[in-house]
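Subject: Structure handover

Dear colleague,

I am handing over the structure we discussed. Please look it over, then read the notes below alongside it.

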Amino acid sequence: MRGIEHRGDALSLEDGVYLRSFGVLRPYNPADPEVTVLRRILCVALLALAALPPSPALAQQTPQEKEQILWQKLEVAIQDVDRNLDGVLAVAILDLSTGQKYLFHADEVLPTASSIKIAILAELYHQVQQGKLKLGDLYTLQSSDLVGGSGVAGALTPGVTRLTLRDVAALMISVSDNSATNVIIDRIGMENVNALLDSLGLTHTRLRRKMMDVKAAAEGRENIATPREMMILLEDLYRGKILNKQMTDDFFELLSIHKESYIPRELPEDLRIANKPGELEGVRNDSGIVFTGHRPFVISVMTTYLHREKDGGEAIIRIATAAYQMFDRLSRASQYGRVVSAHDTGNP
């Protein structure tokens with residue numbers, strides 16, 4: 001016997017159909033009572049199947065599936081940026097509403113430059129919450145505090161100028177003042193910043209030197225992080241896992257101070273963005289939260305080994321813009337993708 005295909009109680013042969021009955025093969029006969037019973041069983045089975053809801057494969061596309069198409073387009077856009085960048089690119093993006101992530105080389109350990117100041121600011125607020133410090137504590141600027149990249153601090157009068165710790169932190173974040181940053185590091189302790197990061201499981205993010213410590217950098221003691229860990233740090237801060245509500249609100253108010261950076265470069269001016277960029281030779285970074293309507297998101301873009309630093313900045317701008325356009329669309333649209341606004345040019 002050849003060409004046999006098992007079909008439950010029957011065997012199909014090339015020259016006909018045979019029924020199996022008590023181990024004996026009998027030729028197919030439409031009048032056979034057993035065939036009639038089989039037909040009835042088959043009809044009942046077909047009716048039962050017809051009453052079932054459509055399978056997922058045949059069901060109408062869900063809103064989540066539609067969103068995945070947009071995520072796929074974002075991925076294509078980021079890969080296009082990577083192909084055209086003469087350097088190393090790493091990205092982490094998190095939808096704070098759904099928890100969906102996009103990760104691209106996100107576990108690579110890279111120099112943070114000034115983006116590490118997010119972690120420094122977090123520990124400052126952490127110690128204020130613990131009662132070890134007060135944001136209103138006064139500090140008198142000293143000549144010994146001044147280092148390269150001091151910006152505003154360098155224009156102030158040492159020994160006379162008194163600032164609150166919050167003022168010093170504001171200089172650290174808004175104009176990335178390195179002297180102000182070192183004052184904060186001395187006050188809170190470098191080891192405490194790393195202890196906070198350890199408590200969050202962020203073992204690859206490290207503050208290992210003060211700002212403008214070229215000797216430490218030459219010895220390999222660079223401030224480092226991964227995009228994934230920068231993303232997790234910002235998410236934990238956003239969800240109140242590190243600070244209470246009052247401290248969290250003030251933390252993000254400070255981090256949202258307008259500053260020259262890459263993430264907001266082509267985004268709406270009135271959009272709230274809590275971020276901190278970083279720049280070193282061969283390095284351009286920016287990490288933060290973009291508060292896009294009902295779909296806020298975390299974004300961390302880090303670049304290194306850049307042939308031209310300008311290209312790294314442009315890469316961050318393009319990725320941040322593409323991400324914002326997707327999240328803004330999701331924030332304003334219905335589950336079917338329809339956007340209703342005062343500027344609707346369609347015909348409802």
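Contact here means heavy atoms within 4.5 Å. The model is a predicted one, and the values that follow were computed from it.

I will start with Gly-288. Not counting residues up to four places away in sequence, Gly-288 touches Leu-234, Ile-263, Ala-274, Asn-275, Phe-297, Val-298 and Ile-299. This glycine sits in strand 12, residues 283–290. Its relative accessible area is 0%, so Gly-288 is buried. Met-231 is 57 residues from Gly-288 in sequence, yet the two C-alpha atoms are 7.9 Å apart in space.

Nonpolar cores

The largest nonpolar core has 51 residues, and the members that touch the most others are Leu-121, Ile-184, Leu-237, Phe-251 and Leu-255. Two or more residues each come from strand 5 (88–95), helix 3 (117–129), helix 5 (165–174), helix 6 (178–188), helix 7 (190–199), helix 9 (227–238) and helix 10 (245–255). Helix 3 gives the largest share of this core, eight residues. There is also a second, separate core of 31 residues, which includes Tyr-102, Leu-267, Ile-317 and Met-326.

Leaving out residues up to four places away in sequence, Leu-255 touches Ile-118, Leu-121, Ile-173, Leu-234, Ile-273, Ala-274, Asn-275 and Lys-276. Leu-234, Ala-274 and Asn-275 are also among the residues that Gly-288 touches.

Helix 6 is mostly covered, with nine of its eleven residues buried. These are Asn-178, Ser-179, Ala-180, Thr-181, Asn-182, Val-183, Ile-184, Ile-185 and Ile-188. The buried residues of helix 6 pack against helix 3, strand 8 (138–140), helix 4 (152–155), helix 5 and helix 7. Just after helix 6, Gly-189 has a positive phi of about 90°.

What does Asp-177 reach at the start of helix 6? One of its side-chain oxygens comes to within 3.0 Å of the backbone nitrogen of Ser-179. The Asp-177 side chain also reaches the backbone nitrogen of Ala-180, at 2.9 Å. Asp-177 itself belongs to the loop between helix 5 and helix 6. This aspartate is buried but has no salt bridge; Lys-117, the nearest side chain of opposite charge, is 7.3 Å away. The cut-off for a salt bridge is 4 Å between a side-chain nitrogen of Lys or Arg and a carboxyl oxygen of Asp or Glu.

Helix 9

Helix 9 runs for twelve residues and spans 16 Å from its first C-alpha to its last, close to the 16 Å expected at 1.5 Å a residue. Nine of the twelve residues are buried, so helix 9 is largely enclosed by the rest of the structure. The buried ones are Pro-227, Glu-229, Met-230, Met-231, Leu-233, Leu-234, Glu-235, Asp-236 and Leu-237.

Glu-235 meets Arg-239 at 3.0 Å, N to O. Glu-235 counts as buried because its relative accessibility is 16%, whereas Arg-239, with a relative accessible area of 36%, is partly exposed. Asp-236 pairs with Lys-241, and their closest N and O atoms are 3.9 Å apart. Here Asp-236 is buried at 8% relative accessibility, while Lys-241 is exposed at 57%.

Other salt bridges

The count for the model comes to 17 salt bridges. Which parts of the chain does the bridge between Arg-295 and Glu-67 link? Arg-295 is in the loop between strand 12 and strand 13 (297–304), and Glu-67 is in helix 2 (residues 63–83), 228 residues apart. The closest N and O atoms of this pair are 3.3 Å apart. Arg-295 has 9% relative accessibility and therefore counts as buried. Through shared partners, Glu-67, Asp-95 and Arg-295 are joined into one salt-bridge network.

Regards

Note on methods. Residues numbered from 1 in each chain as written. Predicted model: local features only at pLDDT ≥ 70, side-chain atom pairs only at ≥ 80, totals over all residues. Heavy atoms only, no water. Core = buried A, V, L, I, M, F, W, Y, C linked by side-chain atoms within 4.5 Å. Buried < 20%, exposed > 50% of the residue type's maximum accessible area, 1.4 Å probe, protein only. Helix = DSSP H or I, 4+ residues; strand = E, 2+ residues; numbered from the N terminus. Lys, Arg positive; Asp, Glu negative; His and termini not counted. Polar contact = N/O pair within 3.5 Å; in protein donor to acceptor, adjacent residues only side chain to side chain. Expected span 1.5 Å × (residues − 1).
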